[in-house]
Structure formats: C-alpha cells, structure tokens
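Here is a short briefing on strand pairing and helix packing. Keep the structure open while reading.

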Amino acid sequence: MKTLHSLKSEAERPSLFTYPFCYEPHPLCVEASKKVRRYVMSHNELFSDAQNGKMFGVLVVTSADSQELFFLAAYSGLLAGRNDWSWFVPPVFDAQQPDGHFKQTERQLTAMNTVLETLDSDSRLAIDLKEHRRQTSEELQRWLFQQYNVLNALGQQRNLIDIWHDYHSVKVRSRFPYPPGGAGDCCAPKLLQYAYQQHLTPVCMAEFWMGKSPTGEVRHDGQFYPACRGKCLPILTWMLKGLQVEPNPHESDPLMFPIGQPEIKLDIIYEDQWLMVINKPTGLLSVPGRESRLSVWSVIRQHYADSDEWALAHRLDMGTSGLLIVAKTREAYSLLQSQFAQRAIHKSYVALLEGTVGCAEGTIQLPLRADPLDRPRQIVDYETGKPATTDYKVLSVSDGITRIELMPHTGRTHQLRVHCAHPDGLGVPILGDDLYGHGGRERLYLHAHRITFCHPVTREQITLRAEVPF
C-alpha cells in the first residue's frame with residue numbers, strides 16, 4: 001500500500017491508544033510527523049498550499065501479520081484542491097467526483113444563485129426559487145452526511161447523522177440538527193477509518209499544524225493539537241469504541257483540586273462584612289465545572305458561608321491565579337456588577353510569554369466570540385465578535401521569555417490568552433497555555449496581581465495586590 005509507510009524507531013510502544021482530545025504526542029508520532037513534513041516540503045505543489053495553513057495527522061499502526069511499525073498520514077479537508085493524494089489515506093467519502101451526486105447538485109445550486117441575481121428579490125418567482133434552493137441545499141447536506149459510514153474498532157458502522165443524534169441532547173440537536181460542515185474530513189476520522197478497513201491495529205495518533213495561522217484561530221507551525229471537539233468529539237467517541245484508550249488527562253490533572261483532599265484554606269487578602277477578596281491558586285476552578293473538582297465557590301459554600309447571599313463578582317480561568325472578589329450580600333454583588341459593566345474596576349495581570357514582542361507597550365483590540373461547538377475555545381471574529389481591548393507593557397526580557405503587564409478594559413473569556421497568542425495580537429502565547437500555546441508547563445503563567453475598585457458600600461477607593469508567584 002502506498003499509504004502505509006515504514007517507521008523504524010527505538011521508542012517504547014504505548015500500552016494504550018491516544019486520548020485524542022488532550023495528549024502529549026508520543027515519540028513515535030513525533031518521528032512520523034517529521035517524515036510527513038519532509039514529504040510535503042519536497043513536493044512544491046503540496047508545500048505551497050500547506051504554507052497557507054493546514055492540519056496534518058499521523059496514525060502509527062501494526063499489521064495483522066506483523067508487529068512491525070508503520071504509519072499512515074492524512075490532511076484535513078483538501079490539499080492543493082484534492083482529497084486523493086496517493087501518499088495519504090483517502091477520504092471517508094469522496095464528494096469531489098465531478099459526475100457524482102454532490103458535485104452535480106452543487107452546480108444546480110450555483111445555477112439557482114445566478115438566476116436569482118437577475119430577479120426582483122420580492123417577486124413570486126424569486127421567493128419560490130429561494131425556497132427550492134433552501135430545500136435542495138438541506139437535502140444535499142443530509143444526503144452527504146448519510147454517505148459517511150464510519151467504522152469503530154468493534155467492526156460496527158454508522159453514518160454521521162445517526163452518530164450526531166445519538167451523541168447530542170435534544171437541546172443541542174434542535175439548534176444544530178446536522179453535524180458542522182466538514183465533519184468526517186478531519187485527519188483523525190480519515191486515519192482510523194482507513195486503518196479499520198485495512199485491518200491495521202492503531203498504536204498512537206497525533207495531529208500537527210503546518211503554515212500560517214487561520215484568521216480567527218490560533219495555530220502555530222509545527223505545534224501538535226488535539227482533535228477538534230466540535231466536529232470530531234461525537235465521531236471519535238464512536239470510532240474509538242473497542243480500543244483501549246488512555247484516560248482523559250484532565251480528569252487526573254494534578255493541578256486541579258479533587259474533592260476529598262485535605263481542606264483548602266483560601267488566601268484572603270481583604271475581608272469585611274460586605275465582601276472578601278482572595279488570592280486564588282492556579283488549578284482551582286472559580287465555579288463548579290466537573291463534579292469531581294473543587295472550586296472557589298464550593299469551598300466557600302462548605303467552609304465559609306452556606307448562603308445564597310454570597311456570589312463571585314467575576315471569574316478567573318482555572319489556570320490563572322490571583323485576585324478574585326467575592327460579594328457577601330446581594331446588594332454588594334449588584335453594585336460590583338454595575339462597576340464591571342461600566343468598566344470602572346481596573347485589573348492588572350502579569351504574564352510570562354514564550355518569546356519576545358515587537359513593541360514595548362501598546363493596545364490590542366481583537367473582537368472575540370466562542371465557538372459553540374468547540375467550547376471553551378474563543379476565536380477572533382471581526383464581524384460578530386464582541387469588542388475586547390487590552391493594554392500591555394513589557395516589564396523585562398530574559399532568555400527569550402518576556403515578562404509583561406496586561407491591563408484588560410473588557411472581560412471576555414480567554415481575552416488575555418487570545419490577545420497574546422493570536423498573530424493579530426502579540427503573536428506570542430502565554431507560557432504554559434495548552435489551549436492557545438504549547439502547554440507542557442506546570443501551570444499557566446498568568447496572575448491577576450492588582451485590582452482597583454470602589455467599595456460598594458463605603459464608597460472607598462480600594463487597590464489590592466497579590467504577589468506574583470513566578
């Protein structure tokens with residue numbers, strides 16, 4: 001098989017298959033990815049397209065009659081306009097055949113659009129044609145996903161619509177009745193499908209990025225990434241059935257505080273009868289997320305005040321340490337929320353960046369929105385994103401690591417992390433950021449070290465500081 005490539009390595013084979021949504025790439029995958037990169041770079045047509053940005057994947061396998069190691073390679077979507085490059089695995093379903101149903105119907109839709117451009121948009125003919133176009137497009141989408149019949153390790157087969165409906169709740173399906181466009185065309189489903197079809201045994205898998213970062217997301221050339229959750233979580237949950245898969249590392253993350261550990265005492269920086277300000281440690285959630293993890297809120301309810309009057313005035317990411325305001329009364333909470341809404345509360349963070357930035361100080365303005373099918377990831381969206389503004393000032397640079405002060409004017413989810421990592425921002429991720437950077441550190445190096453606000457009751461102007469722990 002032209003798609004099956006020999007892999008010689010002294011690395012020890014893993015005992016469990018890769019958990020694809022959070023992993024450190026196995027040395028076997030690292031070696032295979034180098035071979036893929038060299039192959040792409042040696043073919044001008046492929047390399048030219050890959051330079052625009054493309055996700056590649058590798059799957060290390062053994063054959064049924066040998067324990068010799070091989071690897072398969074894949075790319076997401078199309079590469080240089082094609083989905084059938086022979087060195088890579090084929091698509092799960094080939095919708096690109098010129099005379100196939102998909103392409104023929106696409107041409108019909110294009111013809112409808114051309115006719116609509118010549119019609120009065122309010123005419124009966126235009127209204128009827130638009131409805132016909134909508135129905136045709138929806139039927140084509142449904143037909144396409146029914147052609148993607150994917151296997152799992154047990155030899156069972158299902159199409160994408162059935163997988164999508166079985167995985168998601170009625171609430172999600174009512175909003176998203178079909179999988180996202182491109183579902184089934186990512187690297188991981190292609191790799192596993194081909195391995196199962198050829199009776200190969202999966203050993204480990206990884207995906208890596210080549211070329212420029214996409215406009216909205218943060219991707220770094222050469223960096224390994226987890227499988228996308230929005231498109232691939234339902235599909236891979238099905239396809240991995242029958243494999244012995246590594247546990248989700250987040251479920252046993254030592255930086256997260258498990259329920260049942262010795263009592264946590266909050267580091268209280270300021271307290272009176274109306275509010276409390278704590279110095280949250282890294283690894284502690286602000287509010288409950290997973291059932292097996294403690295949070296600031298669960299510790300407060302258990303050890304400080306089991307009262308509906310108390311509430312967190314704002315939140316910090318699990319990995320972010322630093323100052324967090326807790327209101328003890330509903331009145332205090334309401335007044336603090338008003339200050340946040342009016343941007344009258346001023347926060348300052350210190351971070352370490354894994355590189356250097358071009359300007360010593362400045363302002364970043366990148367509008368952000370959540371990807372509803374890939375939470376909690378945020379993307380830059382200049383059309384529908386919410387405004388997000390951050391001032392910054394470089395404090396020092398040492399051994400290629402930049403210490404920087406970040407002063408957000410808005411409080412969007414992951415604002416500082418995206419503003420640092422995105423190429424239209426600083427283009428340098430925060431050290432230890434496993435979502436927008438490279439991870440691999442004992443913590444996210446981001447700390448809320450100063451906050452200034454007007455006391456909601458006494459009206460006193462208060463500035464509090466928490467020592468930076470790095």
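In what order do the five strands of the open sheet stand? The order is 1-3-2-6-7, with antiparallel pairing. The model is predicted.

- Strand 1 (5-6) and strand 7 (224-225) are the edge strands. Each has a single partner strand, so one side of each lacks a neighbour in the sheet.
- Strand 1 runs antiparallel to strand 3 (residues 69-75), and two bridges join them.
- Ser-6 sits opposite Phe-70 of strand 3.
- Helix 1 (residues 27-41) lies across strand 1, strand 2 (54-62), strand 3, strand 6 (201-210) and strand 7. Helix 1 runs at about 50 degrees to strand 6.

**Helix 5 against helix 8**
- Helix 5 (residues 160-167) packs on helix 8 (residues 229-239) at an angle of about 95 degrees, and the axes are 9 Å apart.
- That angle makes helix 5 roughly perpendicular to helix 8.
- Helix 5 contributes Leu-160, Ile-163, Trp-164 and Tyr-167 to the contact. Helix 8 contributes Gly-230, Leu-233, Pro-234, Ile-235, Thr-237 and Trp-238.
- The contact residues comprise eight nonpolar, two polar and no charged.

**The hairpin of strands 18 and 19**
- Strand 18 (residues 446-454) and strand 19 run antiparallel, joined by five bridges.
- Ile-451 has Leu-464 of strand 19 as its bridge partner.
- Six residues lie between the two strands of the hairpin, where Arg-459 takes a positive phi near 70 degrees.
- Strand 19 (residues 461-465) has a covered face made of Ile-462 and Leu-464. Its uncovered face holds Gln-461, Thr-463 and Arg-465.

Note on methods:
Residues are numbered from 1 along each chain as its sequence is written. This is a predicted model: local features need pLDDT of at least 70, side-chain atom pairs count only at pLDDT 80 or more; totals for chains, interfaces and linings use all residues. Side-chain values use heavy atoms; hydrogens and water are left out. Axes are lines fitted to C-alpha atoms, for helices over the stretch in contact, and angles run from 0 to 180 degrees between N-to-C directions. Helices (H or I, at least four residues) and strands (E, at least two) are DSSP runs, numbered from the N terminus. Angles under 35 degrees count as roughly parallel, over 145 as roughly antiparallel, 65 to 115 as roughly perpendicular and the rest as oblique. Contact means heavy atoms within 4.5 Å. Ala, Val, Leu, Ile, Met, Phe, Trp, Tyr, Cys and Pro count as nonpolar, Asp, Glu, Lys and Arg as charged, and the others, Gly among them, as polar. Two strands pair if DSSP finds at least two bridges between them. Buried means under 20% relative accessible area, exposed over 50%, partly exposed in between (1.4 Å probe, protein chains only).
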